[in-house]
Each structure stands twice: as C-alpha cells, then as structure tokens.
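Subject: Handing over the structure

Hi,

Here is the structure I promised to pass on.

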Amino acid sequence: MNRGLYPVLAGAITQERQMELLAHNIGNIHTAGFKKDNAVFGTILARSVGPHIAGIDLFPQVATVRPDVTQGTLRYTGNDMDVALEGKGFFVIRTANGERHYRGGHFQINGKNELATFSGDPVLGVNGPITMPSGPVAIDKNGVVHVGRKVVGTLRIEQLPETEISIKAGDLYWVAPRNAVPAKNVRVRQGSVEQSNVNPSMELVNMIKVTRGYEQMQKAIQTMDELTGQIIQSSRVQG
C-alpha cells in the first residue's frame with residue numbers, strides 16, 4: 001500500500017468535518033443567540049511499521065472545535081418576554097444536568113410560574129428561580145424584573161474570566177464553570193433578541209473553498225491509485 005495515500009485521505013476527512021461545521025453554522029443563521037463554531041486544525045503523527053518520512057506520516061485533523069463568542073446583532077421584537085444581552089455575559093439557567101449559561105433570550109413562563117427558557121428550564125435570579133405572578137412584565141437595563149409595580153427578582157448574569165474558553169452544551173446552552181463571575185458592563189435589553197453571529201456570505205465562501213480542496217484531495221487519491229495500479233501491472237509484465 002502506498003503510504004503517501006494516507007495523509008491525503010486524512011486531509012479529505014478533515015475537509016468533510018469542516019464542511020459539517022459550516023453547514024451547521026448556516027443552518028442556525030436564524031437561531032437567536034447562536035454562536036458559530038470554528039474548526040481548529042492540527043496534525044497527528046501516524047504509527048507506521050517502517051521509518052517515519054517527513055510529510056508522509058504527518059496527518060492533518062480537526063484538533064478541536066472552538067465557538068466564536070462575538071456579539072451578534074440585536075434585533076428589536078417588541079415582545080416583553082424577549083431579552084437580549086449587550087456585552088460579554090450569560091444568563092444562568094438551571095437544567096436537569098446542572099447550571100448552564102444561555103444567550104438565546106426567548107423567555108416564557110413555565111408550569112411552575114417561573115421565568116424560563118423555550119424548553120421550560122428556569123432562568124435564575126441572584127436568589128434562585130424567579131416566580132412570575134400575573135401582570136405586565138418589565139425588565140430594566142440592570143436585569144431587575146418587575147411584574148406590575150412589584151420587583152420579583154434580578155437576573156443572574158455571569159461572565160468567564162478572560163483566560164477561560166466557553167464550552168457549548170448544545171446549540172444554545174453553555175457549560176457554566178465554577179469560576180464564572182458576575183458580569184460587568186453588560187446591558188439588558190428587553191423586547192430584543194440577539195441574532196446569530198454567523199455571516200452567511202463568509203460561510204458560503206468558506207464552503208466553496210472547502211469543496212474545492214476536497215475535490216483536489218479526491219483527484220490526488222485517484223492519481224495515486226492509478227500510479228499504484230500501473231506499477232503493479234509493470235512489475236507483472238517484467239516478471
């Protein structure tokens with residue numbers, strides 16, 4: 001078997017993985033609060049029987065996937081239960097798997113009369129879940145929640161230290177680490193949602209680049225396969 005075939009094949013697999021990420025990003029263009037995923041590339045040294053050959057036994061791979069947490073554009077909806085964050089912060093949500101961070105901003109009242117996400121998970125205030133009596137809802141720029149003239153809670157908004165990397169737990173939830181701190185310089189916008197930070201034009205351009213790269217990998221594999229066949233045929237004739 002031609003060892004030179006393997007790094008090209010690994011490159012094709014890497015291109016497929018990048019295409020999956022780009023397609024997932026484009027599929028969430030209209031998902032409020034979605035943060036696009038970026039592939040971080042790396043290499044891995046192959047295990048081979050013979051001596052290592054530079055460039056032949058070094059395989060490309062998608063080493064990890066890192067989300068882009070830059071701010072998305074805020075879109076005004078006029079819905080009192082839509083809440084967006086302007087700045088580096090996250091709402092804190094209680095789920096069956098523990099606390100999670102959230103940027104989605106589409107809120108509702110769950111069966112326990114608590115302020116909750118689209119899936120019914122309670123949105124936490126500084127003192128726990130926020131119980132919502134009936135009445136008009138108002139949330140000020142600092143996250144203080146009013147129902148009628150009564151203050152019912154203050155949204156718990158956190159951010160990560162600059163040295164930490166946010167880790168997704170699904171498309172809209174994020175792992176809430178122990179070292180998260182109260183957010184600073186974050187403004188709460190009621191009646192708005194944060195749009196996805198995916199740039200569709202750039203993602204489509206990247207998809208074209210990846211497609212062309214994948215096609216080149218396919219041609220290289222085909223060429224190597226044909227050359228191997230010719231060598232085998234030649235050796236048979238000479239033998």
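Below is what turned up, going from the overall make-up to single residues.

First, the ground rules. This is a predicted model, so to speak of a local feature takes a pLDDT of at least 70 and side-chain atom pairs count only at pLDDT 80 or more, while totals for chains, interfaces and linings use all residues. Residues are numbered from 1 along each chain as its sequence is written, and side-chain values use heavy atoms, with hydrogens and water left out.

**The overall make-up**

The protein has two helices and 18 strands. Both kinds of element are DSSP runs numbered from the N terminus: helices are H or I with at least four residues, strands are E with at least two. Of the 239 residues, 38% count as buried; buried means under 20% relative accessible area, exposed means over 50%, and partly exposed is in between, using a 1.4 Å probe and protein chains only. As for contacts (heavy atoms within 4.5 Å), residues 24 or more positions apart make up 64% of those with a separation of 6 or more.

**Sheet and hairpin**

Two strands pair if DSSP finds at least two bridges between them. Within this sheet, E5 (residues 90–95) and E6 (residues 98–102) pair in the antiparallel sense over five bridges, and Val92 has His101 in E6 as its bridge partner.

Elsewhere, E12 (residues 144–147) and E13 (residues 150–154) pair in the antiparallel sense over four bridges. Val145 stands opposite Gly153 in E13. The hairpin of E12 and E13 has two residues between the strands, and Gly148 takes a positive phi near 65 degrees there.

**The nonpolar core**

Which residues have the most contacts inside the largest nonpolar core? They are Phe91, Phe107, Leu115, Met132 and Leu155, in a core of 24 residues. A nonpolar core here is a set of buried Ala, Val, Leu, Ile, Met, Phe, Trp, Tyr and Cys residues joined through side-chain atoms within 4.5 Å. E4 (83–86), E5, E11 (137–139) and E12 each supply at least two residues of this core. Leaving aside neighbours within four places in sequence, Leu115 is in contact with residues including Met81, Phe107, Ile130, Met132 and Leu155.

**The pocket**

The largest pocket holds about 430 Å³ of space. Its lining has 18 residues, with Val69, Lys88, Phe90, Glu164 and Ser166 nearest the centre. By class, the lining has six nonpolar, six polar and six charged residues. (Ala, Val, Leu, Ile, Met, Phe, Trp, Tyr, Cys and Pro count as nonpolar, Asp, Glu, Lys and Arg as charged, and the others, Gly among them, as polar.) On a 1 Å grid over the protein atoms alone, a pocket is an open set of points where a 1.4 Å probe fits, with protein on both sides within 12 Å along at least five of seven lines; lining residues have an atom within 4 Å of a point. Grid points are joined across faces, edges and corners, and the volume is the space filled by probe spheres set on them.

**Some residues to look up**

Gly33 is in the loop between H1 and E1 (37–45), and it is buried, with a relative accessible area of 1%. Beyond its neighbours within four places in sequence, Gly33 is in contact with Arg103, Gly104, Leu172, Glu194, Gln195 and Ser196. Leu172, in the loop between E14 (157–159) and E15, counts as buried at 14% relative accessibility. Leu172 and Ala32 are 140 residues apart in sequence and 8.4 Å apart in space, C-alpha to C-alpha.

Glu20 sits in helix H1 (residues 5–27) and counts as partly exposed at 49% relative accessibility. The C-alpha atoms of Glu20 and Met207 are separated by 9.6 Å, with the two residues 187 apart along the chain.

Most residues other than glycine have a negative phi. Asn113 has a positive one, near 60 degrees, and lies in the loop between E7 (108–109) and E8 (115–116). Asn185 also has a positive phi, near 55 degrees, and at 79% relative accessibility counts as exposed.

Cheers
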